[in-house]
Amino acid sequence: MWKEITVLIRKEITLEWRQKYALNGILLYVVSAVFITYLSVGAKMGNLSVPTWNALYWIIILFSAVNAVAKSFVQEHQGRQLYYYMIASPEAIILSKIIYNTALTLILALLGYVVFSVILGNPVQDQTLFLLNLVLGAMGFSACLTMVSGIASKAGNNATLMAILSFPVIIPILLMAIRISKNALDGLDWSVSADKVLSLVAINAIVAAAGYLLFPYLWRS
């Protein structure tokens, strides 16, 4: 199965490289959103507080992840899906999608962090905890949105359905990530964030396991 996952991830990278407009559009969205924030919330005058910086960062990353992951199954037409059905297991397909989308979301999160640091300043006191939180947040967003994207693709790629289904799972991940990053911004000891980090890891594991177990039934339809 790992060989299938490797081949499928390579396929995702090849398709993304051929359709550069999609990735470029997402990157442009991140940069332009940060710049608009800089112009509109008083950051230019130095009036941006740390909690506001934290909230705006995660809101922009969330919408960037939605735009990036939503097309996971949209770009797979019916004939290609039938071809995948014959040559690869559904477990390999969903795991390859989650791994690739995690990497893509993490790249967007790191890019947003760099752009935020350059334009809005960098108030983070504990860089290690903040970056660990970025990795866990990217994993949670990608696992949830990939599974929901697969469900929405079976319903005619209904964007409303994707938003409704992903909302109950995304909100706990987002709130936990915001709390951990707030502790990193304040430079608090790791013991303060340990339970929140474990909770975020548990949520990610539950979402990924649910996707792994349920996707084969969805794929057979």
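**A close look at helix packing**

Author: Let us start with Ser32, which is partly exposed with a relative accessible area of 29% (buried means under 20%, exposed over 50%, partly exposed in between, using a 1.4 Å probe and protein chains only). This is a predicted model, in which local features need pLDDT of at least 70 and side-chain atom pairs count only at pLDDT 80 or more, while totals for chains, interfaces and linings use all residues. Residues are numbered from 1 along each chain as its sequence is written, and side-chain values rest on heavy atoms, leaving out hydrogens and water.

Ser32 belongs to helix H2, residues 20-40 (helices are DSSP runs of H or I with at least four residues, strands are E runs of at least two, and both are numbered from the N terminus). The side chain of Ser32 comes to 2.8 Å from the backbone oxygen of Leu28, a polar contact (N or O atoms within 3.5 Å; within protein, one able to donate a hydrogen and the other to accept it, with residues adjacent in sequence counted only if both atoms are side-chain atoms). Across the fold, Ser32 and Val115 sit 83 residues apart in sequence, with 9.9 Å between their C-alpha atoms.

The setting is helical: the chain has 8 helices and 0 strands. Of its 221 residues, 44% count as buried. Among contacts with a separation of 6 or more, 83% join residues 24 or more positions apart (contact means heavy atoms within 4.5 Å).

Helix H5 (residues 90-120) packs on helix H6 (residues 127-153) at an angle of about 140°, and their axes lie 8 Å apart (axes are lines fitted to C-alpha atoms, for helices over the stretch in contact, and angles run from 0 to 180 degrees between N-to-C directions). H5 and H6 are therefore oblique to each other (under 35 degrees is roughly parallel, over 145 roughly antiparallel, 65 to 115 roughly perpendicular, and the rest oblique). The crossing of H5 past H6 is right-handed, that is, the near helix is turned clockwise from the far one by less than a right angle, anticlockwise being left-handed. Residues making this contact include Ile94, Lys97 and Thr102 of H5 and Phe130, Ala138, Met139 and Ser142 of H6. By class, the contact of H5 with H6 holds 13 nonpolar, 6 polar and 1 charged (nonpolar: Ala, Val, Leu, Ile, Met, Phe, Trp, Tyr, Cys and Pro; charged: Asp, Glu, Lys and Arg; polar: the others, Gly among them).

Thr102 is buried, with a relative accessible area of 16%. Not counting residues up to four places away in sequence, Thr102 touches Ala138, Met139 and Ser142.

H5 also packs with helix H3 (residues 50-69), at an angle of about 145° and with axes 10 Å apart. H3 passes H5 in a right-handed crossing too. Among the residues involved are Trp53, Tyr57 and Ile61 of H3 and Leu104, Leu108 and Phe116 of H5. The contact of H3 with H5 comprises 14 nonpolar, 4 polar and no charged residues.

Ala55, also in H3, is partly exposed at 29% relative accessible area. Ala55 and Ile178 are 123 residues apart in sequence, and 6.9 Å separates them in space, C-alpha to C-alpha.
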